[in-house]
Amino acid sequence: MIENPIKIISNRKMEIALVLLVILVFINSINRYFDHDELEHIHAAWYMFQGDIIYMDFFQHHHPLLYVLLLPLFTIFDEINIIYAAIVLIFIMNCLMLFITYRISRIFSDDHKTAIMALIFLITSNHYYTSMLTIRPDVPYVLFGLAGTYFALKMIKDLKSKYLY
């Protein structure tokens, strides 16, 4: 009989693999090419930093949440380092997404290994790797969407456990 491969791998090895993947993602996000859309989003935030009003003084077809989150970076960093600061901000948001994904996985399964495996699958998926690591307005949207999903699922689980006994 073939044993479940997840049971063979120890918790520590899976956690080390996850940490190494997160480090590799960070290194890749700093050393990758920049898409023209990313520079557009930084430029739109710069417009807002200069006092321009989005949708009135300049055209932008995205919600201003990312631009508002980028505004404080313009007071701290110069023109060159703002790009790297924005990358770090996006990386922090991605780490928060991973944490929330872990918590959602724990709602459905009390197994730590299963939750870690969900994170490994998420990090290594092509869509996540190519889309969520770029400076784009979708990243904070997904972060807050995941947070809302987590709290809704937690509420449903807590209500079920409260009324089942």
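Predicted model: local features only at pLDDT ≥ 70, side-chain atom pairs only at ≥ 80, totals over all residues.
How many cavities of 30 Å³ or more does the count give? The count comes to 1 cavity.

The largest cavity holds about 50 Å³ of space. Its lining is made by Val-22, Val-25, Phe-91, Asn-94, Cys-95, Leu-98, Ile-123 and Tyr-128. Two elements, H2 and helix H5 (81-108), each give two or more residues to this lining. H5 gives the most, with 4 residues. By class, the lining of the largest cavity has 7 nonpolar residues, 1 polar residue and no charged ones.

Next come the pockets. The largest pocket has a volume of about 320 Å³. Its lining counts 17 residues. Nearest the centre of this pocket lie Asp-35, Glu-38, Thr-130, Thr-134 and Arg-136. Helix H3 (36-49) and helix H7 (126-131) each supply at least two lining residues. H3 gives the most, with 4 residues. What classes of residue make up the lining of the largest pocket? The lining has 5 nonpolar, 5 polar and 7 charged residues.

Are Glu-38 and Arg-32 buried or exposed? Glu-38 is buried, and Arg-32 is buried too.

The second largest pocket has a volume of about 220 Å³. Leu-39, Ile-42, His-43, Trp-46 and Phe-49 are among its lining residues. The lining also includes Phe-74, Phe-77, Asp-78, Glu-79, Ile-82 and Ile-83. H3 and H5 each supply at least two residues here. The largest share, 5 residues, comes from H3. By class, this lining has 8 nonpolar, 1 polar and 2 charged residues.

Now the salt bridges. Arg-12 and Glu-15 are separated by about one helical turn, because they are 3 residues apart in helix H2. Arg-12 counts as exposed because its relative accessibility is 57%. Glu-15 is partly exposed, with a relative accessible area of 21%.

A further bridge joins the side chains of Asp-158 and Lys-154, at 3.3 Å from N to O. Both residues lie in helix H8 (residues 138-164). They are 4 residues apart, about one turn of the helix. Asp-158 counts as partly exposed, at 38% relative accessibility. Lys-154 is partly exposed as well, at 33%.

Ile-16, Val-19, Leu-20, Ile-23, Leu-24 and Ile-27 make a nonpolar surface patch of about 540 Å². Leu-24 has its place in helix H2 (residues 11-31). Leu-24 counts as exposed because its relative accessible area is 53%, and exposed means over 50%.

Ile-116 is found in helix H6 (residues 112-124). Its relative accessible area is 6%, so Ile-116 is buried. How far apart are Ile-116 and Lys-160 in space, C-alpha to C-alpha? They are 25 Å apart in space, and 44 residues apart in sequence.

Key
Residues numbered from 1 in each chain as written. Heavy atoms only, no water. Patch = residues over 30% accessible without salt bridge, like charges linked within 9 Å, V, L, I, M, F, W, Y side chains within 5 Å. Areas by Shrake-Rupley, 256 points an atom, 1.4 Å probe, with all protein chains shown as cover. Salt bridge = Lys/Arg side-chain N within 4 Å of Asp/Glu carboxyl O. Buried < 20%, exposed > 50% of the residue type's maximum accessible area, 1.4 Å probe, protein only. 1 Å grid on protein atoms, 1.4 Å probe; cavity = no way out; pocket = protein on both sides within 12 Å on 5 of 7 lines; lining within 4 Å. Points joined across faces, edges and corners; volume = space filled by probe spheres on them. Nonpolar A, V, L, I, M, F, W, Y, C, P; charged D, E, K, R; others polar.
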